[in-house]
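Subject: Structure handover

Hello,

Please find the structure below, followed by notes on what was found in it.

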Amino acid sequence: MRKFSPRLLIGTCILALGFAPASAGETLGEAIASAFATNPQLEIERYRTEIARENLNFARSQGRPTVTLSASGGYEYIETTNPFAFGLGDRPIASAQIQAVQPLYAGGRIASGIRQAEAGIDSADLTFVAARQDLTLQVVTAYVDVRRDREAVTIRRNNVDVSAEQVRAAEDRFDVGVVTRTDVALARARFEGAQAALAGAEAALRASEANYQLLTGLAPGDLAPPPPVPPLPASVDDAIREALTGNPDIAAARQDLRAATAAIDTARADGRPQVNLIGTAAVQETFGDMSQRDTSVSALAQARIPIVTGGAVRAQVDAAKLRRAQAQRVIDSLETRIRAQVTQAWFAYDAAGRSIEASRRQVEAAEIAYEGAKEELSVGVRSTLDVLDQEQQLFDARLALISAERDAYVAAHNLLRATGGLGNIG
């Protein structure tokens with residue numbers, strides 16, 4: 001069993017410092033709430049849950065009485081050779097009938113249909129939960145991507161400013177004969193490279209902001225730091241166990257298996273006897289010279305017993321069994337995939353936490369080295385290239401730190417999504 005190491009705990013604390021709650025700006029919780037309210041895919045899943053509930057109402061209705069009223073009216077013409085017949089020729093006629101049917105026995109079709117519909121509701125509800133968690137993860141990722149890319153742009157702009165200052169300093173030193181034209185060219189090359197990197201960072205930021213707006217329907221404003229990472233499982237084994245029981249995708253697949261099992265009983269019911277209680281009341285009235293009214297009332301039990309179905313019932317049962325086997329294979333496949341997702345997210349979070357620690361130490365060391373290189377350049381101990389290299393290392397360390405913080409936050413929420421624990425985020 002793999003436990004959190006002290007190093008990972010330190011990384012978590014560092015991460016919490018970088019992602020602490022703030023009182024100003026648009027919050028991650030607000031972004032998620034906006035996504036829930038506007039995202040069309042989530043609305044599609046809501047309709048799916050409503051459809052599943054109507055399917056249950058339909059399944060229950062199959063065991064309830066049905067009443068049918070029918071009526072007709074028109075003319076009839078009667079002609080006969082019987083010498084004692086009356087009321088011949090054209091005459092208007094009208095009739096009405098009301099019939100009530102109460103199923104008494106349907107071979108188990110009604111009960112299995114209700115079980116199938118109930119499983120369908122549970123599956124739809126869990127699929128909706130999975131869709132909400134997927135959307136939450138997407139918004140979390142987009143949110144921290146925007147914050148990371150904005151910080152990257154800030155660092156890149158600072159790099160451009162510092163590089164421009166290096167160019168001016170190199171030109172001044174060249175003018176007094178302290179450095180060569182090569183030093184000036186190196187500073188200019190580093191400045192142009194910083195500008196190119198800034199352009200790439202700005203393009204990445206525009207893409208992140210567009211993705212954020214697509215998911216939330218909001219133009220990203222001043223984004224407050226996201227809340228700290230929620231509690232995570234104590235070990236990768238615990239995380240896998242939680243995922244196999246709490247992941248909504250697996251839970252929905254298990255309900256699909258339950259529905260497929262009930263569908264087998266539904267298919268078998270078509271080959272069993274069915275008994276209905278039928279009550280009928282009818283009236284027929286003939287108009288003309290000799291008006292006549294006939295009424296009738298009947299109540300009877302009607303049985304339907306399939307004898308030969310041409311193999312239709314057998315084929316339906318076999319198809320239902322195959323669908324059940326397919327549903328079981330889906331569960332097996334999901335469990336394998338979820339295990340892999342949990343493991344990947346776990347070690348990604350572990351690695352990102354350790355990367356945060358190393359990146360912070362790297363930033364501290366690079367700052368000291370850069371300041372020292374500038375001082376040594378002023379007294380002729382270091383070259384311009386040395387200073388430029390130290391400057392680049394400092395900016396790279398700062399970029400690595402913000403990327404590691406982003407990666408750790410996203411990996412933690414990937415882990416929560418895999419275990420089914422990605423709930424409300426404040």
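Val342 touches Val236, Ala239, Ile240, Ala243, Leu415 and Ala418, leaving aside residues up to four places away in sequence. Please keep in mind that this is a predicted model.

Val342 belongs to the largest nonpolar core, which has 66 residues; Val342 and Val139 are the members that touch the most others. Which helices supply at least two residues each to this core? They are H2 (28–38), H4, H5, H6 (236–246), H7 (248–269), H8 (312–378) and H9. H4 gives the largest share, 15 residues. Apart from this core there is a second, separate one of 9 residues, with Ala59, Ala106, Ile114 and Ile121 among them. As general background, nonpolar side chains in soluble globular proteins tend to be buried together.

Is Asn159 buried or exposed? Its relative accessible area is 3%, and the cut-off for buried is under 20%, so Asn159 counts as buried. Leaving out residues up to four places away in sequence, Asn159 touches Ala194, Glu391, Gln392 and Phe395.

Now the charged pairs. How many salt bridges are there? The count comes to 24. Three of them are described here, each with a partner in H4.

Arg417 is buried, because its relative accessible area is 7%. Asp134, at 32% relative accessibility, counts as partly exposed.

Next come Glu209 and Arg150, which meet in a salt bridge through their side chains at 3.3 Å, N to O. Glu209 is in helix H5 (residues 181–216) and Arg150 is in H4, so the pair joins parts 59 residues apart in sequence. Glu209 counts as buried because its relative accessibility is 15%. Arg150 is partly exposed, with a relative accessible area of 24%.

Then there are Arg188 and Glu171, whose side chains meet in a salt bridge at 2.2 Å, N to O. This pair links distant parts of the chain, with Arg188 in H5 and Glu171 in H4, 17 residues apart. Both are partly exposed: Arg188 has 44% relative accessibility, and Glu171 has 25%.

Some salt bridges also share partners, and in this way Asp145, Arg148, Asp149, Arg406 and Asp407 are joined into one network.

Last, the surface. Which residues make the nonpolar surface patch of about 310 Å²? They are Val67, Leu69 and Ile98. Val67 lies in strand E1 (residues 66–78). Why does Val67 count as exposed? Its relative accessibility is 58%, and exposed means over 50%.

Regards

Note on methods. Residues numbered from 1 in each chain as written. Predicted model: local features only at pLDDT ≥ 70, side-chain atom pairs only at ≥ 80, totals over all residues. Heavy atoms only, no water. Patch = residues over 30% accessible without salt bridge, like charges linked within 9 Å, V, L, I, M, F, W, Y side chains within 5 Å. Areas by Shrake-Rupley, 256 points an atom, 1.4 Å probe, with all protein chains shown as cover. Salt bridge = Lys/Arg side-chain N within 4 Å of Asp/Glu carboxyl O. Helix = DSSP H or I, 4+ residues; strand = E, 2+ residues; numbered from the N terminus. Buried < 20%, exposed > 50% of the residue type's maximum accessible area, 1.4 Å probe, protein only. Contact = heavy atoms within 4.5 Å. Core = buried A, V, L, I, M, F, W, Y, C linked by side-chain atoms within 4.5 Å.
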